[in-house]
Each structure stands twice: as C-alpha cells, then as structure tokens.
There are 2 protein chains.
Amino acid sequence: MKTLIRNVRIPAAFGFGTAPVDVAVEGAYITAVGADLPASPADKRVDGRGDLLLPGLVNTHCHAAMTLFRGYGEDLPLSRWLEERIFPAEDRLTDEAVYWGSMLAIAEMIRNGITSFSDMYFFCPETARAVLESGIKANLSRSLVSFADGIKLDEDPRFAGAVALADAFHGAGEGRVRVDFSIHAEYTNRPDYCAAVGEYAASRGLGMQLHLSETEDEHRACIERHGKTPAAFFADLGVFRCPTTAAHCVFVTDEDIAIMREYGVTASHNPTSNLKLGSGVMPLRRMLDGGLNVALGTDGAASNNTLDILRELRLCAILHKGINRRADITTAAEMLPLATQNGARAQGRPDCGTIAVGSRADLILVDLSAPHNMPIYDLDATVAYSAEASDVRMTMVDGRILWADGAYTSIDVERLRREAGRVIAHYFD
Amino acid sequence: MKTLIRNVRIPAAFGFGTAPVDVAVEGAYITAVGADLPASPADKRVDGRGDLLLPGLVNTHCHAAMTLFRGYGEDLPLSRWLEERIFPAEDRLTDEAVYWGSMLAIAEMIRNGITSFSDMYFFCPETARAVLESGIKANLSRSLVSFADGIKLDEDPRFAGAVALADAFHGAGEGRVRVDFSIHAEYTNRPDYCAAVGEYAASRGLGMQLHLSETEDEHRACIERHGKTPAAFFADLGVFRCPTTAAHCVFVTDEDIAIMREYGVTASHNPTSNLKLGSGVMPLRRMLDGGLNVALGTDGAASNNTLDILRELRLCAILHKGINRRADITTAAEMLPLATQNGARAQGRPDCGTIAVGSRADLILVDLSAPHNMPIYDLDATVAYSAEASDVRMTMVDGRILWADGAYTSIDVERLRREAGRVIAHYFD
C-alpha cells in the first residue's frame, strides 16, 4: 500500500524550498517527492496542509529503562546520586522491570517524534523485545565494565551477554534493531579489556557506544592514570576502529576533536543532562568547526528528565549562544541536522535521516496550527525555537505509522501505564 | 456558583502533603481546601484525580505584541537584530496589529498555564483590551525612553500615554489589569527624566518595570557614563521607591543585589532570552542567597521564541546547576515559587500565587497521565523537570475557566488565527 502525505512543507535545512510538496511512501521507503504527485484511489492519504514534515528525530544517547528512575533522587551531587540512589535501584532491576521501563521510554519517544534511539544498558534483550514490538528503531548495546586487569573475554559473562545480544538481535525487525558494543567509559574499564572488546567489535563490523569526558574529574583522572585524555586512550587502544558514538564530550580538547575527526567518531551532545548533573557545557562550536559529526541525545530520563529531542534541539540552539555570548554563533538551520541526519549517520543507518527518494520512511508531521507556532517566517527557526513535542501529530517508522493524532497504533498505553506502575511500585517504592 | 476541584494533588513546594485534596472556588476566590469537602448538587465539579493543581504561572517580563515578530530575524547579533529587523518592524505597528499580536500572546499563555503577565510595550490600550476580553491578568506598562536632557513630563507624549493608560485601566476588570510605569532602561533614558517619572509613579503608588544590566556592554557603559551600575543609577534617582521589577539582571554585582534587596526590587529572570540573544546567565544563586525576590519571565516571543513559563522553570532549574557545575546548587522545590508566588508578589498581587483559603482562584490543572510524567516520586521534581505546557488541561483566572481540555472559553481561536495572519501578512511580510 502506498501512503501519500500531501501538501506538506519541509524546512530549508533539509534541502527544500517554501512550496508544499507531496511525499509518497511505499513499504519502508520514500518513493517519490514532488508537487501534486499522482494518487490512486487505493492510496492512504495524509493531509499535511499546515503541517511540517521532518525526518524522524534520532536520540543518540539513552538508557531507556531508566525511565523507571525519572525523578528518583533529585538535586544530589553526581556521586551521591549514583551511589545512594541509582546503583542500589539498578541492583533490584529484573527482566520484567527493564521491559516495562523500556516500553515506557519508547512510548514517550514515539510521541515526541523520535524514530530511532541508541541505548546503553543491561537486560538488553528485554529492550530489544520492546523495540521490536513497538515498531521503533534502536541501536542497542550492553554496557561493559572491567575493574581489574586480565579479564578474559571468553570468561566474562557481561561480554558473553553482549555477544549473545549481537547474535540474537543485530539486524532484527528488518534492520530496525542494530546491536553495538559498549565500553561504558574509561574510568570504569581497564585498557586490556577495552582493547580486546574493541578488537572483537571491529572484527564483526559493529558500532561502539561509550561515555567520553563527561565530567572534568573523569577527564583529569584519566590523564593522571594513563597520561592521556579519554579520547586518546580509546584511540590508542584501537577502540575507535569501530564506528563510535561518544556521549557527552564536555571536556574534549582540540587534540581530542582532531582524534575524533580522524576516526569519524560522532559526538552525542546531551545538553540537558550535562546541565542537570552539573557537568558543564560541551564546546559545540569548536567541534563543528573541527568537522565532527555531532548529534543529540537525551541521556536517561533519570538525568534529564524527559526523552525529547526537540527539547534538546532548542536547548542546544540557544545554550551555545548564551555561553559564548554570541547570538550568531549557531543558526537554526545548522542545528536541525543534529537532531536528524547526523544521528542516523552515527547509528550506521545511511538510508535514514533525510527526506529523499530511496530513503527509509522515518518521518514525522509537526502540527503548526497552535498559537505558539504563529507566525512562521522561517521553518528552520520554527523547528529550532518554537515547536514542541506535543506538536508532533504523526510518527512513522519504515513507513508504518506508530503515532497519529494523539494515539499509539502499536502500544497499548493503558496496559503500559498499569504494568509500569506495578513494576515501579513493586521494585522501587 | 461554586466550583469544586476534587481529589487533586498539590506539590510540597506549596505547603501540601502527598494526599489528594479538594479545593472549592466561589466567585474569584478559593473558599475551602481540604479532604472530602462537602458538595451540593448545584456545584460544578472538576475531577482532578491524576492531576496536579498549581497556582497559576506568572510571567513577569513580556512584550506580548512581539509575538508578531516570532522568528523574524533569527541568529543575528543583538544590535543588528534590533536595528535591521525589530525597530523597522515596530515602526510599522498599528493599534490593530498590537491588539491581535497581544491576543495571540495571551492565547499562548493561557494554554501554557500562565494566569498573569507583566508587559512593557507601546499601544498599550490595545493590549489592555485583549487582556480584559480574554480574562487573563496583566500588569501593563507603556515603555518610556528619553534621549535628551530636559524633557518636561507635561510636554512628553509618551509620558502622557503612560498616564492615560494608568487613568483608564489601573484596576480594570475587577483588578485583573494593573498599570505600572516603565522606564525602558538606563541606556535609553536620561537621569532627569528617570527621576521625574519615578517620582510621579511613586506618588501614585504604581509599580515600575525596567530592563537592568541585560548585557555586559550596557552594564559597563552605564558605569562609564554615570560612574555607577544601572542598579545604583536607578536607586540614586529614586526610581526604586516604586515597587520595581527589573528584567534580566545578568550582570548585577553583589552591591547591586544589596541595593535591590534594600528596595525590594524583584529580579525577573529570563533565562531563554538571555541565552538566545547571547547575553549570558544571571547569577541566580547569589541573588537568592542575597534575599532577593526572583521570578521568571519569557521576554517577548521575538527573543525566546515561546511564552512558556514551565519551559523557563525547567531551564532555570537545570541551567545554574550546569553553569556552576553543582547538581545540588538549586532544588526543584526552591524553583517552583519563582514561577508562581514570587511573580505574584512582583506584580503587587498579594492575594495571588498561592493555594489557600482567601487567595484568588488563579489555578491550573496539570495532567500527569502521559508517559513523560511517569513515574512520580516527587511532585516538585515532576513540575520542575518533566511537565510541559501541553500537560496543562485547565487554566482558571479569578475563578473563571479560560482553558479546559484543549479549548478556549474566552478566545475565538479560529478568528484569532485569521486576524493575526492577516495583520502579519499585511504589515510584516
């Protein structure tokens, strides 16, 4: 069946003019884009008049199941928050809790126009199940840590879990699920383990997700420990031979940026989490000028507290102006790819993130009729500065509509509320 | 008629426990708060189960009619933005444009749970008309400038307009409209004029709205010109004898904070505008520690680009953590009054901003059922970090419901769209 989205506008940042166009979708792909596309009576038509069409938003750093800890232990210093609240709560996690926590995250993301996310956590098969059932896309990774030298990969149950995840789910759902490896961070791992994991993942051609220079303490301690920054540490161990997404990057140096550029490492910018946890502000302008691929991430709901890429986009679009005291340091048009195609590139999904014939039909419609989006002089600015998640009236992944006009098509939200509530009450109250 | 809001929760920041309560409203006032209040069959009942009740949000710095310029001239340095885009556009303003621009702002604010705003602009009788018709509250002020010494108040048409505004509208709508005076800023005024306006406004017991130390250039130039900071400048001229709301305050010193404390000046914190225009970040922690009344403002939609106090609240609640690199520098509970009662105090509305018997019934209901607000461990954190404007399901001002479940009761939004669109096309395209 063909779906025809009619008379919709697309921001200039994605290569379109101001005139509305039609977009045809067949199966999982965009098959035509143009004015007044022919329609047959059998086609499903979506009236896009007054709406904006965007490539689906991509969330390049998330711990989906941590929706269970949204608001759990607020306003604490990072170490106390982790040690007194999050780690003990994570100790009580079960398959079931992770499944419902992941589904809660996915429901929120679909409603917010996110069509794909990158995830780093435990109990990943449960998250994979929620991804496959819900229709969203995700790059899933089992977070790996190693606190002693000499851990052998073939004796490490965590690594075995990561391998099993890749074996079972990489490419599942007609490619909707991809599996990456994840070295949690420099400060939670030993060099020999990082090198071995990196070598294994590279040999399978799999991606890598890791935390990089999130806090100043972490960045400085790495230099004290290893005589080099976290970026140099991972590069020298061969980890960056895997296509890598490095989350946070708050304290990267110009040398780090050059290293990341050399290896094609994507920086996942998580502005809300970095502010809320008191980490700081990533040097976005220097990173863009250094030629890095920069994308946006929410981090987990425990440190955000929402999974809303339009919110991250807006914060990103104003924060660097304010911090650098230069209103012209970034433009709206320059920011939009951070929320879309740069994320798709980070995920190893070259056919996602754009609106073009042959691209995957990961698309969202944004309703611009509410007063807060009036008037419109510049669609790029409307997306970057005015639009909000509740304006998303349709979310489509691989041509399948998952959210339309306030309702889910693939998630039983009443059951989700009930089951997530039960899990939360049982494990965390 | 009595309205009974039943089984609703109220965050601890407003002095309530975790158990749901009923709130009774008669006329413009809250007449009872408690568990299981008696109801008679004639009462209108609002089921608040699953919702949160908050005092109406207060926007303490706005230029409402500038919704017309939302997105008009983005990503420019402040001086080019003003000189090339905003000032020429403002030159073309008319009564009609300001009326519809103000109504567009008011519609957005009502939907976003804002029950009162402070405004500084021109053509104020048109804004007053929109306020009176829509049912919202506002402190309106005619922005005054003086670029030469020796301007006599009784020969100044701007001042005459400000006086006429006060004569015609102060106290109108059973007190919904209050009229303040407004000295636009130090850099747009001469000292003798400021002193005379301040003396006049103080003699009538009226409030004062002004811009203070918004940019570093402005702050420094004032010191060069007058040998003192803008805060000292206004204090020494007697302006602060009027109850004053000073917008921005990005560059205030500890001495300025002491001066503001002495005179009871409210600082209107506009974090989005200050970031987007490249101004910087107000020293919130020092100001709170210095005993200042701090409230939140959006500034105009041209520099925000929305009129959303929940958004400002969230940004405020995370920004200072990040800038100061201390996750515990502010708490959610500490931030909530900035969006509510501190704003009401700034506006000279002592019976607004709280939920208590005898308070004005300026109340909003926030629907917490969406996935992005699950779970809830701490209602203060939910409001500060998760809730969004689209969760506001009811906005009540003086006991009158202006917004309920997606619909306006006092604004014909279709006509608004049409007329605002016409004005925008006619004057600004």
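Mentor: A salt bridge, as the term is used here, is a side-chain nitrogen of Lys or Arg within 4 Å of a carboxyl oxygen of Asp or Glu. By that rule, two salt bridges are found across the interface of domain 1 of chain A and domain 2 of chain A. The model is a predicted one, and a salt bridge in it joins the side chains of Asp362(A) and Lys137(A), with an N to O distance of 2.8 Å.

The extent of the interface may be stated in residues and in area. From domain 1 of chain A, 28 residues are in contact with 29 residues of domain 2 of chain A. Between them the two domains bury about 2300 Å², of which 66% lies on carbon and sulfur atoms.

Polar contacts are also present: six residue pairs across this interface meet the rule, both residues being at pLDDT 80 or more. On the side of domain 1 of chain A that touches domain 2 of chain A, at least two residues each are supplied by strand E14 (363-367), helix H14 (379-386), strand E15 (392-397) and strand E16 (400-404) of chain A. H14(A) provides the largest share of that side, with five residues.

Conventions:
Residues numbered from 1 in each chain as written. Chains lettered and ligands numbered in written order. Predicted model: local features only at pLDDT ≥ 70, side-chain atom pairs only at ≥ 80, totals over all residues. Heavy atoms only, no water. Contact = heavy atoms within 4.5 Å. Buried area = accessible area lost by both parts, 1.4 Å probe. Polar contact = N/O pair within 3.5 Å; in protein donor to acceptor, adjacent residues only side chain to side chain. Helix = DSSP H or I, 4+ residues; strand = E, 2+ residues; numbered from the N terminus.
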